[in-house]
Amino acid sequence: MHNRRAALAAIAGAASLALTLSACGSGQTSEGSPKGGTIGIAMPTQSSERWIIDGKSMVEDLKAKGYESKLVYGENDPDTQVSQIENLIKQGVDALIIAAIDNKSLNGVLQQAADAHIPVISYDRLILGTKNVDYYVSFDNDQVGRLQASYIINKLDLDHGKGPYNIELFAGSPDDNNTKYFFDGAMHLLQPYLDNKQLVVQSGQTALNQVTTLRWDGPTAQKRMNGILTRSYRSKKVDAVLSPYDGISIGILSALKSDGYGSGSKPFPVITGQDAELPSVKSIIAGQQSQTVYKDVRQLAQAASDMVVDILNKKPLQINNRYGYNNGVKTVPAYLLQPTSVDKANYKLVLVVSGFYTAAELK
């Protein structure tokens with residue numbers, strides 16, 4: 001893992017709108033057994049470090065199992081992703097692993113996959129509105145939101161009646177099915193404190209459709225936070241921000257810094273996040289962002305590669321959630337991993353000891 005950052009930088013440097021990487025190798029496993037086949041992997045974007053790690057990890061895992069990979073990045077353009085998946089189908093891949101950019105835009109292309117008898121694994125984001133998705137592999141998305149909300153509740157000591165505190169709510173992209181799970185998980189715990197007025201949303205924006213952030217974009221979140229501060233906090237201060245993702249958290253922090261937060265008289269609010277991206281972990285260490293939810297995407301990538309190999313070899317699959325994820329057409333059997341809350345107190349144990357980051361990378 002010590003050379004991981006350099007490898008990721010090399011991948012990112014070779015980026016193009018329809019980047020394709022192949023992990024061809026020798027076509028042999030270490031035991032010398034013959035190669036299995038070719039797996040198409042469609043990831044959303046290289047603008048987020050985590051998707052680079054996901055893609056690279058899957059390519060490496062599949063290569064070790066004797067499978068070739070074709071890895072593409074759609075750079076957050078749904079039409080590009082559809083075209084890339086069409087090309088993978090035409091190239092005759094044996095299976096598809098897809099992290100959707102727009103989870104409702106793939107119905108047509110996945111019918112092409114079904115017609116070609118290509119199994120489809122929905123990766124991290126559940127693909128909606130089609131019967132042609134076979135399995136789902138992700139983290140426990142509801143638990144992500146609960147970890148974020150629990151952190152706010154504990155830091156503000158709401159369980160002991162403290163308050164009232166001002167909180168603002170942010171959610172992920174409206175076209176990502178995970179957005180609803182993250183937000184609902186958090187609000188399940190926060191709503192009682194909103195109801196009893198220990199938490200107050202001065203902007204009045206509390207419904208999911210009022211707080212989403214298209215494409216999980218940091219500058220979009222920054223612009224919205226700027227507006228909220230201007231309209232609702234001229235004589236008040238923000239005590240907490242529910243942020244679903246590190247890139248959004250960084251945008252929120254930029255708006256807060258512009259408004260004078262970070263000084264002794266105006267400390268940063270409690271700010272959550274997700275994905276343990278390097279800039280946010282450094283921000284946590286520096287006392288700015290408060291928390292992130294770590295999801296070891298290396299494990300998620302391994303779970304997806306294990307699943308696709310089992311499918312192609314007609315072996316029993318590891319499924320631990322059969323009924324929790326309905327995509328509007330069918331209930332998609334899922335394998336879920338557990339996330340971990342990370343802050344300044346435990347980041348070394350969780351992120352450095354595990355090898356996800358080196359101590360030098362966090363300086």
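Me: Contact means heavy atoms within 4.5 Å. Leaving aside neighbours within four places in sequence, which residues is Met43 in contact with?

Reply: A caution first: this is a predicted model. In it, Met43 is in contact with Trp51, Asp54, Gly55, Met58, Leu71, Val72, Tyr73, Gly74, Gln81, Ala99 and Tyr123, once neighbours within four places in sequence are set aside.

Me: How should I read a residue like that in terms of a core? Which residues touch the most other members of the largest nonpolar core?

Reply: In soluble globular proteins, nonpolar side chains tend to be buried together. Here the largest nonpolar core has 28 residues, and Met43 and Tyr123 touch the most other members. Two or more residues each come from strands E2 (38-43), E3 (68-73), E4 (95-98), E5 (120-123) and E6 (135-139), and from helices H2 (49-64) and H11 (297-312). H11 gives the most, with eight residues. There is also a second, separate core of 26 residues, which includes Val93, Leu96, Val120 and Leu128.

Me: Tyr73 was among the contacts of Met43. Where does Tyr73 lie, and does it count as buried or exposed?

Reply: Burial is read from relative accessible area, with under 20% counting as buried. Tyr73 lies in strand E3, and its relative accessibility is 0%, so it counts as buried.

Me: Next, helix packing. At what angle do H8 and H9 pack, and how far apart are their axes?

Reply: Two packed helices are described by the angle between their axes and the distance between the axes. For H8 (residues 218-232) and H9 (residues 246-258), the angle is about 40 degrees and the axes are 7 Å apart. Their crossing is right-handed. On the H8 side, the contact is made by Gly218, Ala221, Gln222, Met225, Asn226 and Leu229; H9 supplies Gly247, Ile248, Gly251, Ile252, Ser254, Ala255 and Leu256. Sorted by class, this contact has seven nonpolar, six polar and no charged residues.

Me: What angle and what distance between axes describe the packing of H5 and H6?

Reply: H5 (residues 141-155) packs with H6 at an angle of about 35 degrees, and the axes are 7 Å apart. The crossing of H5 and H6 is right-handed. Residues making the contact include Val144, Ala149, Ile152 and Ile153 of H5 and Tyr181, Phe182, Leu189 and Tyr193 of H6. The contact of H5 with H6 divides into ten nonpolar, six polar and three charged residues.

Me: Phe182 is in that contact. How many aromatic pairs does a search of the whole structure find?

Reply: The search finds six aromatic pairs. In one of them, Phe182 and Trp216 are edge-to-face, at 6.0 Å centre to centre with 70 degrees between the planes. This pair links distant parts of the chain, 34 residues apart: Phe182 is in helix H6 (residues 177-195), and Trp216 is in the loop between helix H7 (208-211) and H8. Both residues are buried. In Phe356 and Tyr357 the ring centres are 4.9 Å apart and the planes are at 75 degrees, so this pair is edge-to-face. Phe356 and Tyr357 are both buried. Ring pairs also link Tyr136, Tyr181 and Tyr325 into a cluster.

Me: Last, Pro174. What does Pro174 touch, not counting residues up to four places away in sequence?

Reply: Pro174 touches Thr212, Thr213 and Leu214 on that count. Pro174 lies in the loop between E7 and H6 and counts as exposed, at 53% relative accessibility. Its C-alpha is 9.8 Å from that of Asn103, 71 residues apart in sequence.

Conventions
Residues are numbered from 1 along each chain as its sequence is written. This is a predicted model: local features need pLDDT of at least 70, side-chain atom pairs count only at pLDDT 80 or more; totals for chains, interfaces and linings use all residues. Side-chain values use heavy atoms; hydrogens and water are left out. A nonpolar core is a set of buried Ala, Val, Leu, Ile, Met, Phe, Trp, Tyr and Cys residues joined through side-chain atoms within 4.5 Å. Buried means under 20% relative accessible area, exposed over 50%, partly exposed in between (1.4 Å probe, protein chains only). Helices (H or I, at least four residues) and strands (E, at least two) are DSSP runs, numbered from the N terminus. Axes are lines fitted to C-alpha atoms, for helices over the stretch in contact, and angles run from 0 to 180 degrees between N-to-C directions. A crossing is left-handed if the near helix is turned anticlockwise from the far one by less than a right angle, and right-handed if clockwise. Ala, Val, Leu, Ile, Met, Phe, Trp, Tyr, Cys and Pro count as nonpolar, Asp, Glu, Lys and Arg as charged, and the others, Gly among them, as polar. Rings of Phe, Tyr and Trp (its six-membered ring) pair if their centres lie within 6.5 Å; planes under 30 degrees apart count as stacked, over 60 as edge-to-face and the rest as tilted.
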